[in-house]
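Let's take a walk through this one, starting with its rings and ending with its disulfides. Keep the structure open as you read.

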Amino acid sequence: MSRGRADGGSKKRSVTLVLVLVIVCGGLYMYTKRNGSTALEYSTKVRKFGSTYLGGDEEVDETPTKLGEDEDDGVVLKSIPVCDDRHSELIPCLDRNLIYQTRLKLDLSLMEHYERHCPAPEKRFNCLIPPPPGYKIPIKWPKSRDEVWKANIPHTHLAKEKSDQKWMVVKGEKIGFPGGGTHFHYGAGKYIAAMANMLNFPNDIINNGGNLRTFLDVGCGVASFGGYLLSSDVITMSLAPNDVHQNQIQFALERGIPAYLGVLGTKRLPYPSRSFELAHCSRCRIDWLQRDGILLLELDRVLRPGGYFAYSSPEAYAQDEEDLRIWKEMSALVERMCWKIAAKRNQTVIWVKPLTNDCYMSREPGTQPPLCRLDADPDATWDVKMEACITPYTEQIQTSRGSGLAPWPARLTTPPPRLADLHVSTDAFEKDMEIWQQRVDNYWNLLSSKINPDTVRNVMDMKANMGSFAASLKNKPVWVMNVVAEDGPNTLKIIYDRGLIGSIHSWCEAYSTYPRTYDLLHAWTVFSDVERKGCSAVDLMIEMDRILRPKGFIIVRDKPKVVEYIKKYMKALHWEAVASVDADQDEDDAVFIIQKKIWRTSESVRELE
């Protein structure tokens, strides 16, 4: 009998507790409705279920659901939370809030706070990034080079801050780009022609008959330098951090200009050695003398034999004491690196890198900086620290006195010498081109009802191999960011040797770009690779949605079970099927083409009203 009376008291206490919890939860719900979603708070109180994050404290198995598993019995996921509107420009691995909240100890003087710092899997966001209020489908290329919709990137501080340099100007509902820069107020076009004239290139054309094709612009601003180079058949990797000039890379990509969020800090840039014919810095505010010249030596690593470094800065022409000191020390450093002045005029100096190892070998013993170790891999870049040493050339370069690359456009289809590094034959290279040309032609046939010639501009090949997908798009008005996995064969050097650009990356993490920056994503067996690594396919889909512009396309080429798995999440992601091709005896992979719908949050709609 006593046990029964105790149970009755326990029930009363339980009812009271439930009532208290209802009141508290109701209050929290009303607070959240008034103050926006809390889905974006970094928290340890998160659990993962089928790769979808839910609130809760209990311990659970966080193993991602494997592709093709039937644990949901065919149930279609109805919704994925939408992130708060104020996070419409979230870059998960370059998020200052993550740094603040996790109290990472970083050396600000070395720019570590601008390098990649990704949230742990249990702290990732589980929500879709919304477009900003008033978002419009981007202006089409080539008109987009000169103007974009202000609503898409509602930031005008650079127009005020850089008004005298003509970076950008506000024109009603649009932001215009006159082509100016910190050291080229009269426009990038005239500046580029002047550089070609300094180097005595024919007709003042910077590509020098196709011998210069891939450029690196460090501290690129809004990438007008790279934008104006495109008409000369030069493709530029425009590089800048997410710093005080916020959104500069976002503006570049909105304009349809190749760009990447990165910084010369402590880690190597995600590009192989000998990737660029010319590196450029126009008042990029980099201390090239720090740490024994390690940043200049990183440029040396990625420059080709005979490559140029064009430097426009007060040190090149000013006469005050501090500028003269910097110029003297910098000149001494590059001389020890065996660089020579190719041209110097007004505000700009252009150095040229040697073609062979001869100068390195003739230096006095003990000369600094030293040559890198012979066993060091100059092409290893993923999470690899920079070294203050000179990368010597291979025997092949020493013998051929240069990279041995064909001029553009023949370079695109000519087997490059570094194929031998990967033990790839010329026949295999040519067969790869043939296969991907057929595949791309089929893709465009499947997309024909949905696209016009100018619909697609920014393209990402998420697993680029040797770049043949991008090469097959040579006659279309697009550019391609070729992504190569961090744990596979380093084919990115082949891609650069073909006159294309790209970066190393792991799709277990978020990519270094703003939301809504690509029109088309090509995912060839990327989902299968992510599963093999034990990472989440749903996390990958949410990341792809973040990168993709509204009305943009995804082409998935993967196992049939991958396609079926993706279909379960289509409604939740606001995606719709465009076309599907089943696997057959000739192809093990199925093809599934998706289009992202354009949608707005209730907050965005209210603000528009």
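Ring pairs tie Tyr260, Tyr271, Phe276, Tyr496, Trp507 and Tyr511 together into a cluster. Rings of Phe, Tyr and Trp (its six-membered ring) pair here if their centres lie within 6.5 Å; planes under 30 degrees apart are stacked, over 60 edge-to-face, and the rest tilted. This is a predicted model, so to speak of local features takes a pLDDT of at least 70 and side-chain atom pairs count only at pLDDT 80 or more, while totals for chains, interfaces and linings use all residues. Residues are numbered from 1 along each chain as its sequence is written, and side-chain values use heavy atoms, with hydrogens and water left out.

Across the whole structure, the search turns up 23 aromatic pairs. One of them is Tyr191 with Phe225, edge-to-face at 6.0 Å centre to centre and 65° between the planes. This pair links distant parts of the chain, 34 residues apart: Tyr191 is in helix 4 (residues 188-198) and Phe225 in helix 5 (residues 224-229). Helices (H or I, at least four residues) and strands (E, at least two) are DSSP runs, numbered from the N terminus. Tyr191 and Phe225 are both buried, where buried means under 20% relative accessible area, exposed over 50%, and partly exposed in between (1.4 Å probe, protein chains only).

Tyr260 sits in strand 8 (residues 259-261), and Tyr511 is 251 residues away in the loop between strand 15 (501-505) and strand 16 (518-524). Tyr260 and Tyr511 are buried too.

Now for the cysteines. There are 6 disulfides, each a pair of cysteine sulfur atoms within 2.5 Å. Cys93 and Cys118 form one, with sulfurs 2.1 Å apart, and the 115° about its S-S bond makes the link of Cys93 and Cys118 right-handed. Cys93 lies in the loop between strand 2 (52-55) and helix 2 (96-102), and Cys118 in the loop between helix 2 and strand 3 (147-149), so the bond ties together parts 25 residues apart in sequence. Cys93 is buried at 2% relative accessibility, whereas Cys118 is partly exposed at 28%.

Cys281 is joined to Cys284, S to S 1.9 Å. The torsion about the S-S bond of Cys281 and Cys284 is about -90°, so this disulfide is left-handed.
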